[in-house]
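Trainee: I am new to this structure and would like to learn how to read it. Could we look at it together, one feature at a time?

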Amino acid sequence: MNRVEDTLPPCPECAGEYTYEMGALMVCPSCAHEWAPTGSAGEDSGVVKLGVVKDAVGNILADGDTVTVVKTLKVKGSPTGIKSGTKVRNIRLVQGVGDHDIDCKVDGIGPMQLKSSVVKKV
């Protein structure tokens, strides 16, 4: 008899053993981390590999790049938001929430995640 713990991998974030499948993703109820399964049981490095990430005009982005925001963005908790033309330095590409794939720190706002579709490489 197969138990759930025998067939599903543990959470790569917290090593929780009570993971479950939700559509094409694996979910950890302990820390709410979601990830795509790797496909082979022997390849459990815990690192999700990103494909090629492109900006709004098709330039390929990399860690450490400087980008400019191409449209004004509303930010919850900020009265001004992020204005078009704001420069963001030293971005980091991540597997974020939804299709947010850039982790950065915006001057005057703080750390946040952005979609690559709203930035342009400088």
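This is a predicted model: local features need pLDDT of at least 70, side-chain atom pairs count only at pLDDT 80 or more; totals for chains, interfaces and linings use all residues.

Trainee: How much of the protein is made up of buried residues?

Mentor: Of the 122 residues in the protein, 30% are buried, where buried stands for a relative accessible area under 20%.

Trainee: What holds the strands of a sheet together?

Mentor: In general, the strands of a sheet pair through backbone hydrogen bonds, and the pairing is either parallel or antiparallel. Here you can find an open sheet of three strands in the order S1-S2-S3, with antiparallel pairing. Strand S1 (20-22) and strand S3 (34-35) stand at the edges of this sheet and have a single partner strand each, so one side of each is left without a neighbour in the sheet. S1 is joined to strand S2 (residues 25-27) by three bridges, and Met-22 stands opposite Leu-25 in S2.

Trainee: Which strands pair with S7 in the antiparallel sense?

Mentor: Strand S6 (residues 92-93) pairs with S7 over two bridges, with Arg-92 opposite Asp-103 in S7. S8 pairs with S7 over six bridges, and here Asp-103 stands opposite Gln-113 in S8.

Trainee: What should I notice in the hairpins that these strands form?

Mentor: Look at the glycines: in the hairpin of S6 and S7, with six residues between the strands, Gly-98 takes a positive phi near 65 degrees, while in the hairpin of S7 and S8, with three residues between the strands, Gly-108 takes a positive phi near 85 degrees.

Trainee: Where do the residues of the largest nonpolar core come from?

Mentor: This core has 17 residues, and those with the most contacts inside it are Leu-61, Ile-82, Ile-91, Ile-102, Cys-104 and Leu-114. Strand S4 (67-69), strand S7 (100-106) and S8 each supply at least two residues of the core, and the largest share, three residues, comes from S7. There is also a second, separate core of five residues, which includes Cys-11, Met-26, Cys-28 and Trp-35.

Trainee: Which residues does Ile-91 contact?

Mentor: Leaving aside neighbours within four places in sequence, Ile-91 is in contact with several residues, among them Leu-61, Val-67, Ile-102 and Cys-104.

Trainee: Is Ser-116 buried or exposed?

Mentor: Ser-116 has a relative accessible area of 11% and is therefore buried, since the cut-off for that label is under 20%. This residue is found in the loop between strand S8 (110-115) and strand S9 (119-121). Not counting residues up to four places away in sequence, Ser-116 touches Val-53, Lys-54, Asp-55, Ala-56, Leu-61, Asp-101 and Ile-102.

How values were computed:
Residues are numbered from 1 along each chain as its sequence is written. Side-chain values use heavy atoms; hydrogens and water are left out. Two strands pair if DSSP finds at least two bridges between them. Helices (H or I, at least four residues) and strands (E, at least two) are DSSP runs, numbered from the N terminus. Buried means under 20% relative accessible area, exposed over 50%, partly exposed in between (1.4 Å probe, protein chains only). Contact means heavy atoms within 4.5 Å. A nonpolar core is a set of buried Ala, Val, Leu, Ile, Met, Phe, Trp, Tyr and Cys residues joined through side-chain atoms within 4.5 Å.
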